[in-house]
Amino acid sequence: MDSRVRLWQCPAMTTAHAIPSFSFHTTPRIVFSEGAARELAHHLGTTAQDRLLIVTDPGILGLGLAEPAVRSLKNAGADVLIFGEVEADPSLVTLRRSIATALDFGATGVIGFGGGSSLDVAKLTALFAGSGQAIDTAWGVNNAKGPRLPLALIPTTAGTGSEVTPVAIITVGEDEKRGVSSPLNLPDVAVLDPALTTGLPPHITAATGIDAMVHAIESYASKNANNNPMSRNLAVEALRLLGRNIEDAVFNGENRAARSAMLIGSMLAGQAFANSPVAAVHALAYPIGGRFHVPHGLSNALVLPHVLRFNAADAANGSFAHYAALAPHVFPDLDADGESGMQAVCARFIDRLAELSARLGLKSRLRDVGIAETDLPDMAADAMKQTRLLVNNPRDVSEADAYAIYKAAW
Ligand SMILES: [Fe+2]
């Protein structure tokens, strides 16, 4: 067992233990306010420069969701240009077009407005339009050089937590995902307005909400050396908010209290995993999204119970205790007492998560999303390439293990 995990693994253990060194980065200013987008110029403060590029997607524009925000900026005297071409799994071509638009316009600030894809393109537009660095030299961790343009991020889904994470993911070529991870990608300000999320359809609310819950669960149990008490506390509070509000948000989308809880919960989970990163659920979800274009949240939901069962089956890694500790925060009637109690609660927690996904209307088997049994070996080989995620998993995952997990999920 990893000694770092052992130091905090028992939730009942309150005796003081040495806390390993860690660092924690997050967005320096976070505004939460119902209707905040209508008063965007006020909330941006000094981030509101005079020539602002809004990076968003055609769906947002079609719904007119950004119009009040644009009006607020124009009323405050800003010149505003909209780049509205961001697609799901945004491509390098789209990113280059967005950067060129920012440069042609002479943008002095960038605003990302939308789901994770729009926010990711906005991050990298601000970065590369500001620094002039060649994109190919910036992939990976801490390879980006500043300065970037002032940046504000306004999420319209409650899932990715991108407004507080240092990562931006771009699809290069057919289906290769590349990321730029750097504290420079944290915006100057994140503006959270739950009113922007009330129109999200149930299946997107469900899938993005489960994604946020996975961020919290994987962050809490992460084997990463920077797993830290701040992330774990954020993950617990995130799961409390997400777990107790996701059904209301899905089945009663106009419920502002539930929408607010989901938006805050996804942001807290984002802060958690930005500093204690996610693991095998995400590693095994990527081939499902990349090869079969299944939305990210649903890809995670499809493998979640099977990866957690795999982790918990090996008691030596201690993950069963982490999952048991999280259980009552999501499902208040689940509580553990003693190690055998923890094993039982962990098993029930995993079953209940699978039941929750089904209740929310999410598909539950890989065969339901067009994946054939013969696809599984290639997917397992692909998942092995996600080494940056797999190293954080509480239990080592071999290619045979990945295949077995996919088979169980099929
Ligand atoms: Fe995710």
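Modeller: Here is a walk through the metal site, some helix pairs and one loop. Keep in mind that this is a predicted model.

Biologist: Which residues coordinate the iron ion?

Modeller: D211 through OD, and H215, H282 and H296 through NE2. The distance is 2.2 Å.

Biologist: What spacing do the donors follow along the chain?

Modeller: The pattern is D-x3-H-x66-H-x13-H. H215 sits in helix α7, residues 202-221, and H296 in helix α11, so this pair ties together parts that are 81 residues apart in sequence.

Biologist: And the geometry: what are the angles among the four donor atoms?

Modeller: They run from 86 to 165 degrees, and the site is irregular. For reference, four tetrahedral donors would ideally give 109.5 degrees.

Biologist: Back to α7. At what angle do the axes of α7 and α9 cross?

Modeller: Roughly 35 degrees, and the axes come within 8 Å. Helix α9 covers residues 256-275.

Biologist: Is that crossing left-handed or right-handed?

Modeller: α7 passes α9 in a left-handed crossing.

Biologist: Which residues of α7 meet α9?

Modeller: T205, G209, A212, H215, A216 and S219. H215 is also one of the iron donors. On the α9 side, the partners are R259, M262, S266, A269, A272 and F273. By class, that contact has six nonpolar, five polar and one charged residues.

Biologist: Now α11, the helix with H296. How far apart are the axes of α11 and α16?

Modeller: 9 Å, at an angle of about 130 degrees. α11 spans residues 296-313 and α16 spans 399-409.

Biologist: Why do you call α11 and α16 oblique?

Modeller: Angles from 65 to 115 degrees count as roughly perpendicular and those over 145 as roughly antiparallel, with the rest oblique. The angle of α11 to α16 is about 130 degrees, so the two are oblique to each other. The crossing is right-handed.

Biologist: Which residues meet there?

Modeller: L302, V303, H306, V307 and F310 come from α11. D401, I405, Y406, A408 and A409 come from α16. The class count is eight nonpolar, one polar and one charged.

Biologist: One more pair. How do α10 and α14 cross?

Modeller: Their axes cross at roughly 120 degrees and come within 8 Å. α10 is residues 280-292, and α14 is 376-383. These two are therefore oblique as well. α10 passes α14 in a right-handed crossing.

Biologist: What's in that contact?

Modeller: From α10 you have A283, L284, P287, I288, R291 and F292. They meet D378, M379, D382 and A383 of α14. By class it has seven nonpolar, no polar and three charged residues.

Biologist: Switching to backbone. Where is the cis peptide bond?

Modeller: Between G146 and P147, with omega about -5 degrees. P147 is in the loop between β5, residues 140-141, and β6, residues 151-155.

Biologist: What about phi of N142?

Modeller: Phi is near 60 degrees, a positive value in a residue other than glycine. N142 also lies in the loop between β5 and β6.

Conventions
Residues are numbered from 1 along each chain as its sequence is written. This is a predicted model: local features need pLDDT of at least 70, side-chain atom pairs count only at pLDDT 80 or more; totals for chains, interfaces and linings use all residues. Side-chain values use heavy atoms; hydrogens and water are left out. Axes are lines fitted to C-alpha atoms, for helices over the stretch in contact, and angles run from 0 to 180 degrees between N-to-C directions. Helices (H or I, at least four residues) and strands (E, at least two) are DSSP runs, numbered from the N terminus. Angles under 35 degrees count as roughly parallel, over 145 as roughly antiparallel, 65 to 115 as roughly perpendicular and the rest as oblique. A crossing is left-handed if the near helix is turned anticlockwise from the far one by less than a right angle, and right-handed if clockwise. Contact means heavy atoms within 4.5 Å. Ala, Val, Leu, Ile, Met, Phe, Trp, Tyr, Cys and Pro count as nonpolar, Asp, Glu, Lys and Arg as charged, and the others, Gly among them, as polar. Donors are N, O and S atoms within 2.8 Å of the metal (3.2 Å for Na, K and Ca); water is not among the atoms, so sites may look incomplete. Four donors count as tetrahedral if all angles lie between 85 and 135 degrees; four count as square planar and six as octahedral if opposite donors are over 155 degrees apart and all others between 65 and 115; anything else is irregular.
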